[in-house]
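Hi everyone, thanks for coming. I'd like to walk you through one structure today, so please have a look at the screen.

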Amino acid sequence: MRSAPTPAPAVAYLPDTASTRQYIGAWSVLSVLQYFVAETAVIGAWGGPQPYDRRTGYISDLGALNCGIYDGRDVCSPLHWLMNASFMVQGLGMLLGALLLGSGLLCVAARAGARVQPERRKPWLAAIWVRILTGTAGAGTLIVGMVPEDVGSGWHFTGALMYFMAGALALLLLGALWLRQTPLGWFVLVCGLVSLAALVTGGLTGMDVPEPGTLERLMGYPVTVGVAAAGLVIAQRLHRHRKERRGRVTGAARA
């Protein structure tokens, strides 16, 4: 009587942590930090009768094309083109990251030599959803930059909601996935929680709060910072591995 065949060993593979594609993806995501420089410059050039205040001013007011009253607010942003360009650069950076950073690499937080087992469905699916949600958030902020708030289109609001919601959920998933793989896993997770909590608060209150600018920034800033932190972790680890690989190749050539 033949014994039952032994099951095949689980298939696992090592993500290429020296890949140029992954390296470009990491730096693309990290590029979202340019937003803070652009926002500061645009606020400095504000032309309204009252100075722009981050606590009460909406982010989208900085990208409004025209000077005048918009939704009860006196808006005038001479450098609106810079703000909208920054939105679009941020969106493209997140889209490139979603496309170029592989699911396997995200599963192991770009740790060189860490094996990925696709049959472990939960982390694999979480990594796939991180990419989908990051791409959705990137598409959302791209729309925000392409369709300013005062052009009379609902696409601006839709794009902003895509960015806030998909960005927060992407960080929650990525933070949970990275909790045991990098100390910044907790930071990424907290960024997602803060953004989601602010988004829920904004939805329940209709943004009718004493400091709507602060609330909106609690929705958006943690997404930008959390995504940049994730990009920094990946970029640093990929850079280290690429440097070590070049060192081994150089050493072998000299031997």
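Let me start with a question: which residues does arginine 245 touch, not counting residues up to four places away in sequence? They are Asp16 and Ala18, where touching, or contact, means heavy atoms within 4.5 Å. Arginine 245 lies in helix 8. At 37% relative accessibility, arginine 245 counts as partly exposed. For that scale, buried means under 20% relative accessible area, exposed means over 50%, and partly exposed is in between, with a 1.4 Å probe and protein chains only.

A word on what you are looking at. This is a predicted model, in which local features need pLDDT of at least 70 and side-chain atom pairs count only at pLDDT 80 or more, while totals for chains, interfaces and linings use all residues. Residues are numbered from 1 along each chain as its sequence is written, and side-chain values use heavy atoms, with hydrogens and water left out.

Now the overall picture. The chain has eight helices and two strands; these are DSSP runs numbered from the N terminus, with helices being H or I of at least four residues and strands E of at least two. Reading from the N terminus, the order is α-α-β-β-α-α-α-α-α-α. Along the principal axes, the C-alpha atoms fill a box of roughly 85 × 55 × 30 Å. Of the 255 residues in the chain, 49% are buried. Among contacts with a separation of 6 or more, 73% are between residues 24 or more positions apart.

Let's turn to helix packing. Two packed helices are described by the angle between their axes and the distance between the axes. Here the axes are lines fitted to C-alpha atoms, for helices over the stretch in contact, and angles run from 0 to 180 degrees between N-to-C directions.

Take helix 1, residues 20-30, and helix 3, residues 80-100: their axes come within 7 Å and cross at roughly 150 degrees. Helix 1 and helix 3 are therefore roughly antiparallel, a label for angles over 145 degrees, with under 35 being roughly parallel, 65 to 115 roughly perpendicular and the rest oblique. On the helix 1 side, the contact is made by Arg21, Gln22, Ile24, Gly25, Ser28 and Val29. Helix 3 brings Gly93, Leu96, Gly97, Leu99 and Leu100. Together these residues divide into five nonpolar, five polar and one charged. In that count, Ala, Val, Leu, Ile, Met, Phe, Trp, Tyr, Cys and Pro are nonpolar, Asp, Glu, Lys and Arg are charged, and the others, Gly among them, are polar.

At the start of helix 1, a side-chain oxygen of serine 19 reaches to within 3.2 Å of the backbone nitrogen of arginine 21. The buried residues of helix 1 include Gln22, Gly25, Ser28 and Val29.

What about helix 5 and helix 6? The axes of helix 5 and helix 6 (residues 155-178) come within 7 Å and cross at roughly 155 degrees. That makes helix 5 roughly antiparallel to helix 6. The residues of this contact divide into 20 nonpolar, seven polar and no charged.

In the loop between helix 5 and helix 6 you'll find serine 153, which is partly exposed with a relative accessible area of 27%. The side chain of serine 153 reaches the backbone nitrogen of tryptophan 155 at 3.1 Å.

Aspartate 61 sits in the loop between helix 2 (34-44) and strand 1 (68-70), and is buried, with a relative accessible area of 3%. What does the side chain of aspartate 61 make a polar contact with? The partner is the side chain of arginine 73, at 2.8 Å. A polar contact is a pair of N or O atoms within 3.5 Å; within protein, one must be able to donate a hydrogen and the other to accept it, and residues adjacent in sequence count only if both atoms are side-chain atoms. Leaving aside neighbours within four places in sequence, aspartate 61 is also in contact with residues including Trp46, Tyr52 and Glu149.

Last, two backbone details. Alanine 110, in the loop between helix 4 (103-107) and helix 5 (121-146), has a phi near 60 degrees, a positive value in a residue other than glycine. Alanine 110 is buried, at 1% relative accessible area. Methionine 207 has a phi near 65 degrees, again positive in a residue other than glycine. Methionine 207 is found in the loop between helix 7 (184-205) and helix 8 (212-254), and is buried at 17%.
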